[in-house]
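Visitor: Hi, could you walk me through this model before I start working with it?
Guide: Happy to; here it is.

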Amino acid sequence: MRAGDGRSGRARSFWPQRSRAQAGALAATGLVVVVVAFLASVMTGLALRSPDTAVRATVTEEPAAVTSLALQATRSTDAVTQDEAVRRVIHEQFRGASVRVAATAFVPSAAVTGGGSALLLVASDALRAEVEPTEGRWPSAETDVAVDTAFARAHGVSVGDALVFAGPDTAVPVTVTALWRPADPGAPAWLGLGDGAEGTDGRVIVSDAVAQASGDGTSAQWVLTPDAAKVTSAQLPRLRSGFDGVADALSEEPTAAASPFSSSGQGAATVAAMQRSVVALQAVIPVPLTVLAVCSIIALVLLGQLLAGARRVETRLLRSRGMTVRALAVASALEAAVIAVVGVAFGAAVAQVVLLPLVGGPAPGASGVVDVAVPALAALLTAVLAAVVTMVVSVRSLTDAPGAVEAGRSRTAVSAGLAVLAVIAAAVTLWRFVAFSSSGSLADGTAGVDPAGVVAPAAVLCAIALVGLSLFGPAAAAVERIAGRGRGVARVLPARQVGRGIALFAGPVALIVLAVGSLSFAAGYAGTFAGFLRDSTLLVQGAPVRADLGASGSPRSSSDLSPAAALQRPGITASPAIVDDATVGDTDAALVVADTGVLPALTPVGAYLFDGRAAASALNASRGIPGADLSSGTSALRLRVAATAGSGTVRATAVTAWLASDAGEVVPVTASVAPDGIASLAVPSSRADRLVALDVAVAPVGAVEVKVAVTGLPHASSAWTLAPEAFGSSTPFHPAGVASASAAALDAPASVRFVAGDSAPLRFAVTMALAADDDLAVGRRIEVRSPAGDLTGTVARIVAAVPGTASERAVLADYAAVSAHLLRTTPSATRASSVWASGGDTSAVATALSRAAGPEAVVTTADGGFVSRFLGGAVLSTWLGAAGCAVLALAAVAAAVSSALRRRRGEVVVLRAVGLSGRQQAWTRRLEVIGVSVAAGVFGLLGGVAVVLLVGNTLARLSVATAPSTLSVQGRVDPVGLGLGLLALAAALAAAVWAYGSAVRRQAADTGYREETR
């Protein structure tokens, strides 16, 4: 078919000319396709690519203790064969997953002549790459050794000095040729082999021969870490099963196991958390994608209806000339395909550019094709089908008689039955969502996403939109009746036109409800997720900034005092802490020891998670251990020790003063006793300035009726008295007055400890999970056994979780109370393993703590980075989905306005004839759209709030995989995001409404218009 050109007489192709005549409607359709293709591609890319990116970032950025598993066993006599067997078993256990293996041979503890011990590391090329020499040269001879800076400091050795290991059979002399420190203290090679491991004074790198001669046996360690360059989220199930079963598999392999394998490290737990995070991501992103799909279909159908309505006369003419419905459908499909291909190509290309810096490019292979092609094809097919369906429906409904809608007889936008079905479907998906989220797995027990459950929020939103449409007609009719009671047309005309134009406004109403509901859901989910992530991360870490010192064992000197005391200053709160494994009864738990008096400042998470003030009160938190405060400027403590015996001889050989900081850390200071009984102890220039205990070592020779007394002790809050259990319950000493003790007889060297009075009973806060397992209640007496010491006390409080650990079964105790208890029941106290700190500027506090803690400390901040790597894309997707729905709602309003301008052109003439000015008509038309938009917005806001209340907390809880499951979630809203979103939508709608009124005024001013001539 050809049509002539009125200007040149040249014949042009009819179909291109037909499309040019509707260039505006087609351009609007193309823009909608661009938006849909862009958003769908971005959200799909985030869903498919961010898991791999997050997994690799986690393995790269987190310390080895978090991502790795250390396997230890006795080293075989044939070390090469053992190593080959171990690596073979590891390969079999992790088949299909990429892991790296770091192997080290070591002696857990070798005694040093003169006192102390060392962790011996067998020299190797791999170990050489992990250390950074600070002085000297790498050992070359068999008796050359390299000592770490901690050992050198503890023993006062330097390059060139001689060192002697006691050895089980004979002494082993060696020469120090180098001092070193780890190149990266958080590297996998140092997992379990850090400073102070096994209670030693430090680490010494030795030859294999020296290691065998100096210790009771050599152990071997293999540290398994996912390969950051190759690992993917698809490998997580294989990694988890490998981590869970590799120790048992190695123990059962004869050539690999010289003894049963033990394991340490949080690799398995971290992989499990990554799996849960991937599942959470897959549970969140379908929500905005589903809502966007529904909005896209509605918007494209509305634009198709607009185009079909504009071509109504033309289509009737074509049908009268013999054009078939099939031919018209093919023409519409081709036209829509051309527009959609251009729009999809542009939108998808822009999406890939946006995704590159966020999550990288698509994966190779089929998954990459799905990532790029599926959203683009879906947008293309939706656009073509919407155009074809609306055209076919329009063609088949062509008639000269007005329909129900045109005659104003239609009073419903959707049937009540459809709304009821939508509500039932939403209820079913909501039930599936709750069932899935409560277990965190599918019905068969595997980790994954329940397809019926993850669409629950979107299904509820869509059901609310359909309910709103079903109520739209009756509500409009009610408003029309109320407005009809007034006088004049200013109020009744907008209400009547809306009531009789239900179909015209149905699409915009649905999309505004969905857009506002999506914005409300996005703000509720983002706010709840961000708040719970912040609070739970802060609770699990213990404070905004935390330094894991890599130290353990007992303090040896004042240099073992943590930097917490030095960090204390106005604006900064710090506490030493001990986090260790423990057992309560037969239940494994975590032990957390911290200065509970400052927990409200360190862990400000709100009482709904952890009430720091209540915990401090229940645990009798006090500033420091009972003792005597040394005056400022004290550099030495001079004491007189008298050791006498009724018969035989006894001599006081050494005195050890235990000095404590305000937080409860204790360090020893030792001095020998002169023949005249005078001991002068140098007081270090540290913040440990309170004398809390004093040890006296005596050497007897056939001594009977022994008495030990100390004079010159500074005045304490309570009298200095004997701690009879400090060196064992079988001590021969008994109290004999102030700072005095006696024994009936001594036949071997012994020690006696004096402390300042009695300390308060030790109290614990235990988690609800631990209390449920062991049937614990407030007031119940329990014993906590851990490497830090055996602690006995009573349960003072039961809490949901304990700060500083992710373990659901944990015990919290006050640092000063624990130190006081240990000084009264054990020979020594325990070093702080970490420092917690908070202040106004987190980055400045982290820098100060890192500088104070030294290069071997691993400093972390409670920024929620682990979870944010996985779920950041989900939060972004909810906002993108809401923004997309808002844009599509604007397109729907524009389409409805354009249709109304065309359909109601004759109405303008009639109203002008009866006296309504152009301004009055413009405002009545504006009021129609304003009333419908406000009503739909309010309904959508209420619907979004309902969705957030139904699923928001559960979805946020599912999203934060690192939080203990016992924690409750507090619903929150992102007011800034919600406010900006609603404001932008309102402003855009206001612009459209104003333009609508202006167009009506122009129509009213066109006095030459005659409907019968057009």
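Visitor: What kind of model is it, and what are the ground rules?
Guide: It is a predicted model, where local features need pLDDT of at least 70, side-chain atom pairs count only at pLDDT 80 or more, and totals for chains, interfaces and linings use all residues. Residues are numbered from 1 along each chain as its sequence is written, and side-chain values use heavy atoms, with hydrogens and water left out.

Visitor: What is the mean pLDDT?
Guide: The mean is 85, and 93% of the residues reach 70 or more; pLDDT is the predictor's confidence in each residue, from 0 to 100.

Visitor: Where is confidence lowest, and where is it highest?
Guide: Strand β1 (residues 2–4) is lowest, at a mean of 43, while strand β28 (residues 810–814) is highest, at 95. Strands here are DSSP runs of E with at least two residues, helices are runs of H or I with at least four, and both are numbered from the N terminus.

Visitor: Which stretches stay under 50?
Guide: Residues 400–409 do, and the model has 11 contacts for them beyond four places in sequence; contact means heavy atoms within 4.5 Å. Residues 442–446 also stay under 50, with 5 such contacts. Where pLDDT is low, the predicted coordinates should not be read in detail.

Visitor: New topic: how do α9 and α25 pack?
Guide: Helix α9 (residues 267–284) and helix α25 (residues 865–903) pack at an angle of about 0 degrees, and their axes are 9 Å apart. The axes are lines fitted to C-alpha atoms over the stretch in contact, and angles run from 0 to 180 degrees between N-to-C directions.

Visitor: Which residues of α25 make that contact?
Guide: F866, F870, L871, A874 and T878 of α25, against a set from α9 including M274, L281 and V284.

Visitor: How many salt bridges are there?
Guide: The count comes to 22 salt bridges, each being a side-chain nitrogen of Lys or Arg within 4 Å of a carboxyl oxygen of Asp or Glu.

Visitor: What does R88 pair with?
Guide: R88 forms a salt bridge with E253, and the closest N and O atoms are 3.4 Å apart. R88 lies in helix α4 (residues 79–93) and E253 in the loop between α8 (236–251) and β12 (262–264), so the pair ties together parts that are 165 residues apart in sequence.

Visitor: And R534, what does that one meet?
Guide: The side chain of R534 meets that of D535 in a salt bridge, at 2.2 Å from N to O. R534 is partly exposed, with a relative accessible area of 42%, whereas D535 is buried at 1%. Buried means under 20% relative accessible area, exposed over 50%, and partly exposed in between (1.4 Å probe, protein chains only).

Visitor: Which residues are linked in a network?
Guide: D201, R556, D560 and R831 are linked by salt bridges.

Visitor: Last topic: is T177 buried or exposed?
Guide: T177 is buried, at 5% relative accessible area. T177 sits in strand β9 (residues 172–182), and its contacts beyond four places in sequence include W138, D144 and V159.

Visitor: And D629, buried or exposed?
Guide: D629 is exposed at 51%. Leaving out residues up to four places away in sequence, D629 touches D689 and R690.
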